[in-house]
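Hi,

Here is the structure I said I would pass on.

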Amino acid sequence: MATVSSPGLADSLSRLGTESAFSVLARARELERAGHEVIHLEIGEPDFPTPAHVCEAAFEAIRRGHTGYCPSAGVHALREAAADYLSRSRQIDVQPERVLVGTGAKPFLFFTILASCNPGDEVIYPDPGFPIYRSAISWAGATPVPLPLREDRDFVFDPGELEARLTGRTKLVILNSPQNPTGGLIDQETLTEAARLLERSNAWVLSDEVYSRLVYEGEFASIASRPGMLERTILLDGVSKTYAMTGWRCGFAAVPEPLVDPLERFFVNSTSCVPPFIQYAAVAALTGPQHPVEAMVSEFRERRRLIVQGLNRLDGVSCREPRGAFYAFPNVSQLPLTADQLSGRLLDDAGVALLPGSAFGPNGHNHLRLSYANSQTNLHRALERITTFLQSLA
Ligand code: PLP
């Protein structure tokens with residue numbers, strides 16, 4: 001048979017990263033197919049069902065015929081509900097015309113960077129941080145400028161280090177609180193100081209607040225609430241994490257006026273729209289009963305205690321108390337294996353899937369990330385397996 005040579009791929013693919021949670025999940029599934037039992041602490045999604053009234057709203061919208069194309073910016077009911085939600089929760093005044101709806105929060109990361117950056121522009125982003133930030137910055141041809149999150153500051157950036165990285169070329173600064181992968185929560189004082197620096201800069205701010213409702217200690221605050229910041233901030237949230245709706249793919253953002261039309265054009269060019277029946281479900285999530293969220297947060301609080309205490313009992317492991325999201329980020333530098341080796345061995349030898357901190361940037365390299373979006377029973381079992389594995393190394 002004649003061999004067909006590959007027509008080749010785009011050079012730019014070398015700049016496109018990935019999210020290793022998905023590759024570890026794939027490896028874990030492979031082990032499961034081979035008959036091994038794996039405890040999943042790798043993937044960042046609530047293990048709770050989407051609230052019943054939200055599902056019902058989607059069924060009802062389908063019955064009413066909301067199954068065709070709809071405006072790329074989002075249906076008016078959701079833009080209005082999201083504007084109201086963001087205004088109330090951040091004590092700001094967001095108008096529905098400034099709200100855009102996307103297939104999750106994720107596309108806003110890509111499209112904001114593509115819409116605002118030219119090759120050579122600098123983008124400051126948290127390290128360790130959600131890997132898509134760096135991937136999207138590099139893809140756009142912009143220059144990634146990591147802002148270290150240090151363990152001794154509970155993984156909140158130092159405003160002095162932000163100031164040192166702001167230059168005339170800084171086009172965008174990405175903030176994330178509560179934070180993936182560390183669970184860090186930016187405090188009021190740091191936000192005020194950051195706002196003071198950013199207001200004097202010529203940069204947009206992308207504030208990724210998808211975990212805003214998952215806070216266990218301290219109070220969530222948004223940089224968009226600081227004077228003058230709303231006009232330069234893309235304030236990003238969504239229903240994925242708060243309402244256990246990761247697979248529905250629905251996020252929204254309050255966007256400064258000059259970016260509304262460009263971002264909408266990206267949606268027109270790519271996804272056209274978020275399915276309207278999903279948007280009506282998101283309206284029900286934002287405006288309906290909130291007790292499922294409260295119940296989920298209180299369960300996460302218990303699990304956080306369990307996992308952090310369990311990790312701190314292990315010789316050579318130390319874990320700070322995460323304040324929000326649903327991740328623990330223990331330091332494992334005192335163990336005889338590197339975090340990268342540990343994550344591989346824990347999956348293959350102990351059946352515990354988790355991620356090496358290096359998957360979130362060089363500053364994460366001494367850590368593991370464990371998602372505690374799993375039952376207390378499974379968290380206990382995972383801790384037992386990790387304990388037995390570490391004892392086998394001694
Ligand atoms: N931002 C952060 C920090 C995340 O951790 C995630 C998902 O893990 C997202 C954005 C993407 O969320 P969505 O499901 O709304 O696209």
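The side chains of serine 212 and arginine 90 make a polar contact at 3.4 Å (a polar contact is a pair of N or O atoms within 3.5 Å; within protein, one must be able to donate a hydrogen and the other to accept it, and residues adjacent in sequence count only if both atoms are side-chain atoms). Serine 212 belongs to the loop between strand S6 (204-208) and strand S7 (233-238). (Helices are DSSP runs of H or I with at least four residues, strands are DSSP runs of E with at least two, and both are numbered from the N terminus.) Serine 212 counts as buried because its relative accessibility is 8%; buried means under 20% relative accessible area, exposed over 50%, and partly exposed in between, with a 1.4 Å probe and protein chains only.

Before you read on, a word on what you are looking at. This is a predicted model, in which local features need pLDDT of at least 70 and side-chain atom pairs count only at pLDDT 80 or more, while totals for chains, interfaces and linings use all residues. Residues are numbered from 1 along each chain as its sequence is written, and side-chain values use heavy atoms, with hydrogens and water left out.

Now the ligand. Which pocket does the ligand sit in? The ligand is in the largest one. (A pocket is found on a 1 Å grid over the protein atoms alone, as an open set of points with protein on both sides within 12 Å along at least five of seven lines; a cavity is a set of points where a 1.4 Å probe fits but cannot get out, and lining residues have an atom within 4 Å of a point. A molecule sits in a cavity or pocket if more than half of its atoms lie within 2 Å of its grid points.)

Around the ligand there are 13 residues, and the closest are Ala105, Asn180, Asp208, Tyr211 and Lys241 (a residue is near a molecule or strand if one of its heavy atoms lies within 4 Å of it). By type, the shell splits into 5 nonpolar, 4 polar and 4 charged residues; here Ala, Val, Leu, Ile, Met, Phe, Trp, Tyr, Cys and Pro count as nonpolar, Asp, Glu, Lys and Arg as charged, and the others, Gly among them, as polar.

Some distances to ligand oxygen atoms:

- Alanine 105: a polar backbone atom is 2.7 Å from an oxygen atom of the ligand.
- Lysine 106: a backbone N or O atom is 3.0 Å from a ligand oxygen.
- Lysine 241: here a polar side-chain atom lies 2.7 Å from an oxygen of the ligand.

On its own the ligand has 410 Å² of accessible area, and the protein covers 94% of that (areas come from the Shrake-Rupley method with a 1.4 Å probe; for residues, only the protein chains shown count as cover).

The loop between S5 and H7 deserves a look too. Proline 178 is found there, between strand S5 (170-176) and helix H7 (188-200), and a cis peptide bond with omega of about -15° joins serine 177 to proline 178. Proline 181 lies in the loop between S5 and H7 as well, and the bond joining asparagine 180 and proline 181 is also cis, with omega about 15°. Glutamine 179 is another residue of that loop, and it counts as buried because its relative accessible area is 2%. The glutamine 179 side chain reaches the backbone oxygen of proline 128 at 2.8 Å and makes a 2.5 Å polar contact with the side chain of threonine 182.

Two residues other than glycine have a positive phi. What is phi of phenylalanine 155? For phenylalanine 155 the angle is near 60°; the residue lies in the loop between strand S4 (143-148) and helix H6 (159-165) and is buried at 6% relative accessible area. For alanine 244, phi is near 50°. Alanine 244 is in the loop between S7 and strand S8 (251-254), and it is buried, with 9% relative accessibility.

Last, a few buried spots elsewhere. Cysteine 117, in the loop between helix H4 (106-116) and strand S3 (122-127), is buried at 8%. Its C-alpha atom is 6.4 Å from that of alanine 142, 25 residues apart along the chain. Alanine 284 sits in helix H9 (residues 276-287) and is buried at 14%. Glycine 251, in strand S8, is buried at 0% relative accessibility.

Cheers
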